[in-house]
Amino acid sequence: MESELTGLWTRLEGASRLWWLVVLAAIAGAVAGAGYGYRASPEVVAKASIVFRPASVEQRFVDSLSTTAMGTERELASDQEVLVKVVEATGVDAQTLPDRLSAEVPENSNVLILTATDTSEEGATTLAEAYATAYLDFRSSLDSADTQPVAERTGPARIPESQRPSVIRMGAFGGVLGTVIGLIGALWVASRDDRLRGRRTISEALPDSPIWARVSNTSTYSELGLAAATLMAHLEPREGRSSIAVIAGATGSDRTSDTVRGIAEALTDRGLRVLTVRMGGERPAEVTGRLALTAMTEERPGRWWSLDHEALPMGVGSSRLHEAARQLGGRIDVILVAASDASRSRPTREAIAEADVVVLVARHGVTRTPEIAAARESIELLGTRVHGLIVLGVPARGRNYRQLH
């Protein structure tokens, strides 16, 4: 259950890094929705209302007219003579006019609502006004009795408020739909992301290797003290020889040299004498036979020395490394080998094959799970195993890397 929750949190955290995708999807949805709302409702509707009241004194106190009477008024509004008057007043096409005009009576009401549609607000209100005027003129021309209802306009034709924000509503709906689609897309992309994000992705590539340290501040590497303490616990003191630890990058861009320097500083702070060897150094020394002490750099007087692997004659096997340590005078407790690549170069393979401890270095959000798995397989082919993992560039929260050991 805990692993499932961790995996879910990892995906959600990965989706949060794709916030720009959600924002773009929301904007695209809002634009598409507004455009659809504009094109799906190209006609503007205007309405004119006519209210009826009883004409006789006996019916003055009746709240509404009968359904039959109001039905008759609705039929009068659809009379052909009314349509002819509208055509004369506005000059609109008589063939399409019946489809643009309508009359309705709300239930239990004495109000007749005349509706007109046009492509613009001005055209719709003009047509509705002409429709109402034509209807009243036609009605007044009929022979009326004393009981015929009296018709009155309630005001000028207008466009209902509920109609105006249709484009806004469709835009809002499109924005919400786009946000949902963007979230689903972000979760899908995050689920397919095989870059190092937490313990779940690590366990897939290194099921038996614990995390020795997580480093969030890659400029100081001050958080490598835990890795140094764990390394000391794994190294068994041997009489007459130094312990060899290889810090190898899962890929060629994992800043292993900086990691080794951080571990070396922590080890010297704990009283150990350290020699660091950089694979692929930028300052090769030309030596023949024995190692030239001038090829070494004394990082901390009497405690820590470093050199490039090109300065070692005849490769970087354990005998060459121990020989380099003996020439320093006194005992070297730990030889740290910084290998930028765990599998490609011959010197790196030589160092890994004879190392006491091998630690992989990976970067959060950069190193991919298949790369870690490939590095592990290469190391196992050399007859050893990955003893631990150091993760660089971890976010300050680091919640996905809890329970290190």
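Accessible areas here come from the Shrake-Rupley method with a 1.4 Å probe.

**Figure 1. Overall view of the protein chain in the predicted model.** The protein chain exposes about 21300 Å², of which carbon and sulfur atoms supply 53%. Its secondary structure comprises 13 helices and twelve strands. Of the 405 residues, 44% are buried. Among contacts between residues at least 6 apart in sequence, 79% join residues at least 24 apart.

Figure 2. The buried residues of H6 include Leu-127, Tyr-131, Tyr-135, Phe-138 and Arg-139.

**Figure 3. Salt bridge between Glu-73 and Arg-139.** The N to O distance between the two side chains is 2.9 Å. Glu-73 belongs to helix H3 (residues 67–77) and Arg-139 to helix H6, so the pair links parts of the chain 66 residues apart. Both Glu-73 and Arg-139 are buried.

**Figure 4. Salt bridge between Glu-129 and Arg-153.** The side chains meet at 3.1 Å, N to O. Glu-129 lies in helix H6 and Arg-153 in strand S4 (residues 150–153), 24 residues apart. Glu-129 is partly exposed, with a relative accessible area of 26%; Arg-153 is also partly exposed, at 29%.

**Figure 5. Salt bridge between Asp-269 and Arg-300.** The N to O distance is 2.8 Å. The pair connects helix H10 (residues 256–269) with strand S8 (residues 297–300), 31 residues apart. Asp-269 counts as exposed because its relative accessibility is 57%, over the 50% cut-off. Arg-300 is partly exposed, with a relative accessible area of 27%.

Terms used. Residues are numbered from 1 along each chain as its sequence is written. This is a predicted model: local features need pLDDT of at least 70, side-chain atom pairs count only at pLDDT 80 or more; totals for chains, interfaces and linings use all residues. Side-chain values use heavy atoms; hydrogens and water are left out. Buried means under 20% relative accessible area, exposed over 50%, partly exposed in between (1.4 Å probe, protein chains only). Helices (H or I, at least four residues) and strands (E, at least two) are DSSP runs, numbered from the N terminus. Contact means heavy atoms within 4.5 Å. A salt bridge is a side-chain nitrogen of Lys or Arg within 4 Å of a carboxyl oxygen of Asp or Glu.
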